[in-house]
Amino acid sequence: MSRKISKVFKQSGVIPYRVNNGKVEILLITTRNFQHWVIPKGDIPNGMSPPASAAKEAWEEAGVIGQVDTNELGSYKYRKGGKIYRVKMYLLPVEMLSEDYPEASKRKRQWVEVTKAIRRVKFNSLKRILKGFFQVESHFCAFRDSTQV
């Protein structure tokens with residue numbers, strides 16, 4: 001009996017966040033068809049590290065700039081179009097939010113508190129990563145509130 005081996009495509013993504021009035025907020029974006037709330041993520045180009053690729057996706061898809069934490073927060077898998085993807089996730093404290101970015105006309109974006117972000121995202125494995133983020137949220141509140149980005 002032969003078993004088909006499926007290739008897993010590697011991606012990276014970020015959880016863009018800020019601390020606003022003592023609460024951690026996550027910037028969610030919509031898929032291009034506006035049907036689901038997701039986080040910025042995408043394929044990792046050859047020669048680019050996963051954190052650098054995640055930062056590139058954050059700019060292209062959400063218009064955010066910041067220093068990606070190079071410690072992997074976790075990963076999750078999903079299927080799309082018959083392919084399997086594994087997404088390595090990283091934290092991105094947002095330093096700048098632009099209104100003019102490559103996919104501005106293709107997506108909506110919204111700052112939401114962590115608990116609301118967990119409810120909105122589609123994939124259970126991504127929900128799990130966000131819950132892990134929420135458990136350490138108190139660490140982020142020790143920092144002073146971000147300027148309104």
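**Close-up views of a predicted protein model**

**View 1. Asparagine 21 sits in the loop between β1 and β2 (23-30).** In this predicted model, asparagine 21 is exposed, because its relative accessible area is 66%, and a residue counts as exposed when that value is over 50%. Most residues other than glycine have a negative phi. Asparagine 21, although it is not a glycine, has a positive phi of about 55°.

**View 2. Asparagine 20 belongs to strand β1, which covers residues 8-20.** With a relative accessible area of 11%, asparagine 20 is buried, since the word buried is used here for values under 20%. The side chain of asparagine 20 is joined to the side chain of glutamate 25 by a polar contact of 3.4 Å.

**View 3. Phenylalanine 34 is placed in the loop between β2 and β3 (37-38).** Its relative accessibility is 42%, and phenylalanine 34 therefore counts as partly exposed. The phi of phenylalanine 34 is near 65°, which is a positive value in a residue other than glycine. Phenylalanine 34 is also among the residues in contact with arginine 107, the subject of the next view.

**View 4. Arginine 107 lies in the loop between β8 (96-97) and β9 (109-113).** Although arginine 107 is in a loop, it counts as buried, because its relative accessibility is 10%. The side chain of arginine 107 reaches the backbone oxygen of threonine 30 at 2.8 Å, and a polar contact of 3.4 Å joins it to the side chain of glutamate 61. When neighbours within four places in sequence are left aside, the residues in contact with arginine 107 include Ile29, Thr31, Arg32, Val38 and Tyr101, as well as Thr30 and Glu61.

**View 5. The largest pocket has a volume of about 510 Å³.** Its lining is made up of 21 residues, and those that lie nearest the centre of the pocket are Thr31, Lys41, Tyr78, Lys80 and Arg107. Among the elements that contribute to the lining, β4 (41-43), α1 (50-62) and β6 (74-80) each supply at least two residues. Sorted by type, the lining residues of the largest pocket comprise five nonpolar, six polar and 10 charged.

**View 6. Valine 87 is part of strand β7, which spans residues 83-93.** The relative accessibility of valine 87 is 0%, and for this reason valine 87 counts as buried. Leaving aside neighbours within four places in sequence, valine 87 is in contact with Gln11, Ser12, Gly13, Lys41, Gly74, Ser75, Tyr76 and Tyr78. Two of these contact partners, Lys41 and Tyr78, were named in the previous view among the residues nearest the centre of the largest pocket. Valine 87 and isoleucine 44 are 43 residues apart in sequence, and their C-alpha atoms are 9.6 Å apart in space.

**View 7. The protein chain as a whole contains four helices and nine strands.** Read from the N terminus, the elements follow the order β-β-β-β-α-β-β-β-β-β-α-α-α. The protein chain has 149 residues, and 44% of them are buried.

Key: Residues are numbered from 1 along each chain as its sequence is written. This is a predicted model: local features need pLDDT of at least 70, side-chain atom pairs count only at pLDDT 80 or more; totals for chains, interfaces and linings use all residues. Side-chain values use heavy atoms; hydrogens and water are left out. Buried means under 20% relative accessible area, exposed over 50%, partly exposed in between (1.4 Å probe, protein chains only). A polar contact is a pair of N or O atoms within 3.5 Å; within protein, one must be able to donate a hydrogen and the other to accept it, and residues adjacent in sequence count only if both atoms are side-chain atoms. On a 1 Å grid over the protein atoms alone, a cavity is a set of points where a 1.4 Å probe fits but cannot get out, and a pocket is an open set with protein on both sides within 12 Å along at least five of seven lines; lining residues have an atom within 4 Å of a point. Grid points are joined across faces, edges and corners, and a volume is the space filled by probe spheres set on the points. Ala, Val, Leu, Ile, Met, Phe, Trp, Tyr, Cys and Pro count as nonpolar, Asp, Glu, Lys and Arg as charged, and the others, Gly among them, as polar. Contact means heavy atoms within 4.5 Å.
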